[in-house]
Amino acid sequence: MTSPTTSLTKEQIAAFHREGYLVLDAITAQEEVERLRLIYDRLFSDKIGWASGNQFDLAGTDEGDQATLPQILGPSQYAPELKETRYLRNAQGMARELLGEEMLPRNGEHMIYKPPGIGAATPWHQDQAYHDPTIRAYGVNFWMPLDDATVESGCLHFVPGSHKLDVLPHHSINHDPRIHGLEVDDPEKWASKGIACPVPAGGATLHAAFMLHYAGPNRTDQSRRAYTLAFRLPPDQRETPIDNYWSRNQQTARAERAQQANR
Ligand code: NI
């Protein structure tokens with residue numbers, strides 16, 4: 001069995017900065033993957049965070065139909081044992097190798113689940129299209145599947161070098177402002193340059209901020225569970241904010257629940 005990667009080679013660090021992504025065969029032990037699957041399944045089947053808008057359907061309207069791309073934001077607030085994982089420790093160490101000592105101590109995290117047979121595609125996008133348009137923040141995302149991620153089950157695809165772009169225009173999935181998920185405009189243009197990155201359970205793909213990425217639908221009869229950790233450098237204020245009309249125009253059930261919960 002491959003032993004988990006705990007630090008990166010000079011070549012890997014250079015490749016990350018040049019291409020914007022890396023693929024690792026293992027980032028944690030298989031015992032931990034097994035433990036994480038139980039936590040993961042519990043969080044989704046209990047609909048943890050639904051009422052506060054932290055669980056929602058990334059690809060749908062949340063109107064009672066079955067979620068085809070459920071997502072949980074900040075899962076460790078509901079399962080504190082997630083703050084003590086080997087995955088987190090290893091990712092944190094490698095993120096510091098990539099970003100340097102200025103890296104912010106607090107990391108982001110989310111889980112995206114593609115149910116067997118019905119899991120929807122995660123369209124081509126940059127994560128920064130979702131973020132605060134007044135700042136620019138560099139960083140790295142670790143994406144660890146808890147099941148072998150293949151092209152058929154929905155592994156990630158990247159456009160090499162696209163992390164050097166700024167935020168491109170995006171729109172809501174299906175141009176439906178009730179849907180939280182975003183897609184870059186002209187996705188076909190990027191799809192033709194995409195590289196699929198299959199990775200085994202407990203392995204990981206790493207991608208730099210601004211990287212264009214995509215994951216296909218889950219056409220298999222197996223789950224495709226993935227757990228993302230995000231590390232950031234302190235943000236710079238932009239002189240001119242990005243005009244993110246795609247977010248301003250959204251009206252999602254998720255945002256409504258979050259507002260209700262904060263009232
Ligand atoms: Ni993304």
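A: The side chain of Arg 225 makes a polar contact with the side chain of Asp 41 at 2.9 Å, and another with the side chain of Asp 147 at 2.7 Å. A polar contact here is a pair of N or O atoms within 3.5 Å, of which, within protein, one must be able to donate a hydrogen and the other to accept it; residues adjacent in sequence count only if both atoms are side-chain atoms. This is a predicted model, in which local features need pLDDT of at least 70 and side-chain atom pairs count only at pLDDT 80 or more, while totals for chains, interfaces and linings use all residues. Residues are numbered from 1 along each chain as its sequence is written, and side-chain values use heavy atoms, with hydrogens and water left out.

Arg 225 belongs to strand β14, which covers residues 224–232; strands are DSSP runs of E with at least two residues, numbered from the N terminus. Arg 225 counts as buried because its relative accessibility is 10%, the term buried meaning under 20% relative accessible area with a 1.4 Å probe and protein chains only.

Definitions and conventions:
Helix = DSSP H or I, 4+ residues; strand = E, 2+ residues; numbered from the N terminus. Buried < 20%, exposed > 50% of the residue type's maximum accessible area, 1.4 Å probe, protein only.
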